[in-house]
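Have the view open as you read, and take the points in order.

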Amino acid sequence: MIQVTFITNDHKTVTAPENSNLLRVSLREKGGIPFKCGGGLCGTCKCRIERGQDQTDEVKAKERKHLSEAQLAEGYRMACQTFLRGDVAVSW
Ligand code: FES
């Protein structure tokens with residue numbers, strides 16, 4: 001199991017299986033990351049991986065439509081497109 005900390009939601013911390021989708025964890029555990037489409041289109045789920053960037057999977061083409069190279073370098077991702085290999089802390 002891995003740990004996900006929702007910094008913007010009072011540092012709420014939950015556990016989830018490895019390779020979980022970040023938005024799904026947020027929905028299941030009431031983490032609070034905003035979303036609309038859940039399918040990589042709207043960009044609403046933009047968030048920043050504050051800790052554990054190296055524990056996330058590769059950036060998808062859909063994310064590059066909403067996030068600049070500079071934002072990606074700063075740890076921004078789209079939660080619905082991000083899968084977790086290890087512990088992360090996320091803000092939005
Ligand atoms: S919820 Fe719409 S892009 Fe992620």
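1. Let's begin with helix 1, where L22, L23, V25 and S26 are buried. Buried means that 20 or more other C-beta atoms lie within 10 Å of the residue's own; with 12 or fewer a residue is exposed, in between it is partly exposed, and C-beta atoms are placed from the backbone. These four cover an arc of only 160 degrees around the axis, which puts them on the same side of helix 1; the arc is that of the directions from the helix axis to the C-beta atoms. An α-helix has 3.6 residues a turn, so residues three or four places apart point the same way.

2. A word on the model and the terms. This is a predicted model: local features need pLDDT of at least 70, side-chain atom pairs count only at pLDDT 80 or more, and totals for chains, interfaces and linings use all residues. Residues are numbered from 1 along each chain as its sequence is written. Helices (H or I, at least four residues) and strands (E, at least two) are DSSP runs, numbered from the N terminus.

3. What do the buried residues of helix 1 pack against? Their partners are strand 1, strand 2, strand 3 (20–21), strand 6 (83–84) and strand 7, where a contact is a pair of C-beta atoms, placed from the backbone, within 7 Å. Helix 1 lies across strand 1, strand 2 and strand 7, and runs at about 115 degrees to strand 2. Axes here are lines fitted to C-alpha atoms, for helices over the stretch in contact, and angles run from 0 to 180 degrees between N-to-C directions. Just after helix 1, K30 has a positive phi of about 55 degrees.

4. Next, the nonpolar core. Such a core is a set of buried Ala, Val, Leu, Ile, Met, Phe, Trp, Tyr and Cys residues joined through C-beta atoms within 7 Å. The largest one has 15 residues, and V4, L22, L23, I33, C45, A79 and V90 have the most contacts inside it. Strand 1 (2–6), helix 1 (22–29), strand 4 (46–51) and strand 7 (88–91) each supply at least two of its residues, with the largest share, three residues, coming from helix 1. Leaving aside neighbours within four places in sequence, A79 is in contact with L22, L23, S26, I33, F35, C45 and C47.

5. Five strands form an open sheet in the order 2-1-7-4-5, with mixed pairing; two strands pair if DSSP finds at least two bridges between them. Strand 2 and strand 5 are at the edges with a single partner strand each, so one side of each has no neighbour in the sheet. From one strand to the next the twist averages 35 degrees.

6. Two pairings are worth a look. Strand 1 and strand 2 (residues 12–16) run antiparallel and are joined by five bridges, and V4 has V14 as its bridge partner in strand 2. These two strands form a hairpin with five residues between them, and D10 in the turn has a positive phi of about 55 degrees. Strand 4 and strand 7, also antiparallel, are joined by three bridges; R51 has A89 as its bridge partner in strand 7.

7. Finally, G75 is in the loop between helix 3 (69–73) and strand 5 (76–78). Is G75 buried or partly exposed? With 17 other C-beta atoms within 10 Å, G75 is partly exposed.

Note on methods:
Contact = placed C-beta atoms within 7 Å.
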